[in-house]
Amino acid sequence: MTKSTPIDVRECHYRRMPVLAASEVTVRFGGLTALNRVSLTADTGEVVGVIGPNGAGKTTLFNVICGFVRPTSGRLEVDGRPLPRVHPHQLVSLGIARTLQGVGLWQGMTVLDNVMVGAHRRHRSGFWSALLGLPPSVRTESAIRDSAVEVLDRLGIRDAANHRPASLPYAIQKRASIARALVAEPRMLLLDEPASGLSAAEMDELGELIRELRSTMGVMLVEHHMDLVMTVCDRIVVLDFGAVIATGTPDQVRDDPAVTAAYLGQEVGQADAGPVTGGEPEGQA
Amino acid sequence: MHEFVSFTLSGVTQGMIYSALAMSLVLIWRGTRIVNFAQGAMGMITTYVAITVVDRGDSYWWALVIAILAGVIIGGLVELVLVRPVESKPPLNAVIVTLGLLILLEAIAGMVWGGRYRSFPPAFSVQGVFVGSSRINLSPFDIFTICAVLAVMVGLLVLFRWTSIGLRMRAAAFEPEVARLLGVRVGRMLTLGWALAAGAGSLAGLLVAPNVFLYPSNMDAVLVYGFTAAILGGLDSPVGALIGGLGIGLALSYIGGYEGASLETIGALVILIALLMVRPEGLFTRVAPRRV
């Protein structure tokens, strides 16, 4: 949807719905309320940061979106259509991709193979023709390989294609995990702590990459490194104890006293020492 | 010397059969982290299917195809119906389920086909071929056995290494949650893994049947050999399954040949126990700690 298209009259009445909308999402684990009536939207062309102290519910929010955790109440919408129950494997077809904390790459496979796993949804040949190696699937195989190579190229890590993740620098592994999510050509990319373990220079490169991605998709970012969040995000949603305590531009959020009290106030002095309390346990669900 | 060559040749042939069975155990272990104690019994059932087809007057080859297809279907169904519900439960549940299935299948075979020993026709002559003027201990059927197992192994290797569906199966086996996020239908991949494994197991059952006769528990000892081979190879490694199978085949052939056939089963168990004590991770597994 480019700016030059003539204005569609219908659009004046029905604004296009955001790619992703959560409304009043609540998650309880036993007596613990991990998310308390959280509402937010994310759309293509913007970077939405989700921040908050450890245990505020950021990863739980991602897990709800991905279908790993079922919300106790509230609902999710994709393109304005409610999703009654998300199954993780449907996400890619909905245009949503996610990276995990850490790298989560298959250690026994090359980087190229890792990325190719993410590519198969774009090039589907039938299950049976793929299994039996019929001609349509052979074409599909090479299309999958090509699109994986193309993404690696775009992220500048093509040289790593035939290496196993463990033999590569951490920053390259992180990039490969983003490549694996991007190869499905999502409209919404969820990045879970993409900057953890990166050096300052690598973090700058990551920031550039995220800003670049914004031109073709939406990005939702859970991150502890405030420098990165403040420079790349268009909007920031602040969670504390599972509830949204502030939403706004980086400047608005920075000046919000509630945020300072809940989060920045205690964290700012120590922020450069890296994640103060360490990463949340992976797959918190 | 002639004796040694003879034992070696029969060891290789038997070893290939154990490899096929070990391969099916390895495939299931990689996919679902379950040791399928019913693998042998599933091969026994499909061998009965094959002999039923042969009894009707159809050819061996037709019986072979039907038996392997039946194995594939049984494997897929077992995963869908019996294994799926216990997949996320403690490992012991799956052990009990596959043991229960073993007993169930042997009972069903006894009810349907009876408990008597039946001979199973080989596809080719089991008389050793002549090399020069002397007959060696390698029959056309042995050669067929070796070729059939190798063909299956190569087929599986190609599937896993060079196709995207194989890639997805590996992905689903090692990090199911990540695979789901990338749009992989993990459940479908696991069903497929069980189906392929059971197909390989069926082949092993058919190939071993001319040697051990066909009766409801005819695969029990063979399963022990296949299992030992899989452990020797590291349970996680298809190449290990092949080499482990050959190793066990040769070891048992020497034990049986030099010390008497009655020691074969004990020999396999001794090897198994020694392995589990000395090198439980097997000879061919790169030690990769699983994150829990």
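Good morning. Five of the five residues of strand β7 (residues 188-192) of chain A are buried, so the strand is largely enclosed by the rest of the structure. Buried here means under 20% relative accessible area with a 1.4 Å probe, protein chains only; strands are DSSP runs of E, at least two residues, and helices are runs of H or I, at least four residues, numbered from the N terminus.

This is a predicted model, in which local features need pLDDT of at least 70. Residues are numbered from 1 along each chain as its sequence is written.

Within β7(A), Met188(A), Leu190(A) and Asp192(A) point one way, while Leu189(A) and Leu191(A) point the other way. In a regular strand the side chains alternate between the two faces of the sheet.

I turn to the partners of β7(A). Strands pair if DSSP finds at least two bridges between them. Strand β6 (residues 96-98) of chain A runs parallel to β7(A), joined by three bridges, and Ala97(A) stands opposite Leu189(A). With strand β8 (residues 218-222) of chain A, β7(A) pairs in the parallel sense over five bridges; here Leu189(A) stands opposite Val219(A).

Elsewhere in chain A, four strands form an open antiparallel sheet in the order β2-β1-β4-β5. Its edge strands are β2 (32-42) and β5 (81-83) of chain A, each pairing on one side only. Strand β1 (residues 20-29) of chain A pairs with β2(A) over seven bridges in the antiparallel sense, and Val25(A) stands opposite Val38(A) in β2(A). Thank you.

Technical notes: Chains lettered and ligands numbered in written order. Predicted model: local features only at pLDDT ≥ 70, side-chain atom pairs only at ≥ 80, totals over all residues. Heavy atoms only, no water. Buried < 20%, exposed > 50% of the residue type's maximum accessible area, 1.4 Å probe, protein only.
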